[in-house]
Amino acid sequence: MVRKILKYGEPILEQAAGPVTEFDTPELHELIADMWETMYASKGVGLAAPQIGIAKRISVIDTSVGEDESKKVVIINPEILSKEGSQTGEEGCLSIPGFREPLTRANKVTVRAQDEKGEAIELDGEELLARAFQHEIDHLNGILFIAHLSALKRDIIRRKIKKLQKTGEWD
Ligand code: NI
């Protein structure tokens with residue numbers, strides 16, 4: 001089922017999500033299936049559970065945006081073990097549609113997480129995948145990509161969004 005993606009301004013997007021403690025349950029599988037469906041419906045590269053109103057530490061990532069099954073990654077209770085190098089590129093977010101900004105991130109990261117069955121997994125990501133890991137794990141900590149921008153840039157975006165909220169174009 002495609003769920004509604006919450007937009008910037010919803011408090012849950014800026015709150016840290018709680019850990020998943022029960023694995024391999026029908027509820028968890030259904031939630032993750034919904035996250036894939038919702039992400040693909042918006043042609044995203046990643047989606048975190050808080051973006052659909054679920055305060056749990058779960059993210060899904062597919063850097064091929066549905067083109068290559070082998071690129072699908074589910075990370076539950078993830079943490080970044082190490083970061084290396086840097087990359088600068090345009091970044092956006094399904095919760096902040098219409099706004100993309102250049103952002104510098106680590107170019108290579110190693111992530112430790114659990115899979116849907118609760119098994120520990122360790123994943124390496126470079127370039128776009130590394131960016132997605134950092135962006136999605138930020139979501140689980142209540143951090144949106146605009147938090148990494150300069151105060152000036154962030155204020156410009158906030159002001160534009162406020163206007164959209166007033167005219168009902170942001171819900
Ligand atoms: Ni995002």
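Predicted model: local features only at pLDDT ≥ 70, side-chain atom pairs only at ≥ 80, totals over all residues.

**Entry 1: Asp-138.** I looked up what Asp-138 touches, skipping residues up to four places away in sequence, and found Arg-105, Ile-143 and His-148. Asp-138 sits in helix α2. Buried or exposed, I wondered about Asp-138? Asp-138 has a relative accessible area of 12%, so it goes down as buried, the cut-off for that being under 20%.

**Entry 2: the nickel ion.** Next I checked which atoms hold the metal. The nickel ion is coordinated by SG of Cys-93 and by NE2 of both His-135 and His-139, at 2.1 to 2.3 Å. Written as a spacing along the chain, the donors of the nickel ion read C-x41-H-x3-H. I then asked where Cys-93 and His-139 sit in the chain. Cys-93 is in the loop between β4 (87–91) and β5 (101–105), while His-139 belongs to helix α2 (residues 127–140). They are 46 residues apart, so I noted the pair as a link between distant parts of the chain. I looked up burial for these two as well, and Cys-93 and His-139 are both buried.

**Entry 3: Ser-59.** I picked Ser-59 in strand β2 (residues 58–62). Its relative accessibility is 0%, so Ser-59 counts as buried. What does Ser-59 contact, leaving aside neighbours within four places in sequence? I listed Met-35, Leu-47, Ala-48, Val-73, Val-74, Ile-75, Glu-136 and Leu-140.

**Entry 4: positive phi.** I went looking for backbone angles to note. Lys-43 is not a glycine, yet its phi is positive, at about 55 degrees. I found Lys-43 in the loop between α1 (26–41) and β1 (46–48). Its relative accessibility is 67%, so I put Lys-43 down as exposed, since the threshold is over 50%. Asn-77 also has a positive phi without being a glycine, with a value near 50 degrees. Asn-77 lies in strand β3 (residues 72–84). With a relative accessible area of 19%, Asn-77 is buried, given that the cut-off is under 20%.

**Entry 5: the whole chain.** Last, I stepped back. How many helices and strands does the chain have? I got 3 helices and 7 strands, and along the sequence they run α-β-β-β-β-β-β-β-α-α. I checked the radius of gyration too: the chain comes out at 16 Å, which agrees with the value near 16 Å for a compact globule, because the chain has 171 residues. The C-alpha trace spans about 45 × 35 × 30 Å along its principal axes.

I noted that 43% of the 171 residues are buried. Of the contacts with a separation of 6 or more, 64% are between residues 24 or more positions apart. For charge, I have 23 positive and 29 negative side chains, with the centres of the two sets 10 Å apart.

How values were computed:
Residues numbered from 1 in each chain as written. Heavy atoms only, no water. Helix = DSSP H or I, 4+ residues; strand = E, 2+ residues; numbered from the N terminus. Rg over C-alpha atoms; globule rule 2.2 N^0.38 Å. Buried < 20%, exposed > 50% of the residue type's maximum accessible area, 1.4 Å probe, protein only. Contact = heavy atoms within 4.5 Å. Lys, Arg positive; Asp, Glu negative; His and termini not counted. Charge placed at Lys NZ, Arg CZ, Asp CG, Glu CD. Donors = N, O, S within 2.8 Å, 3.2 Å for Na, K, Ca; no water.
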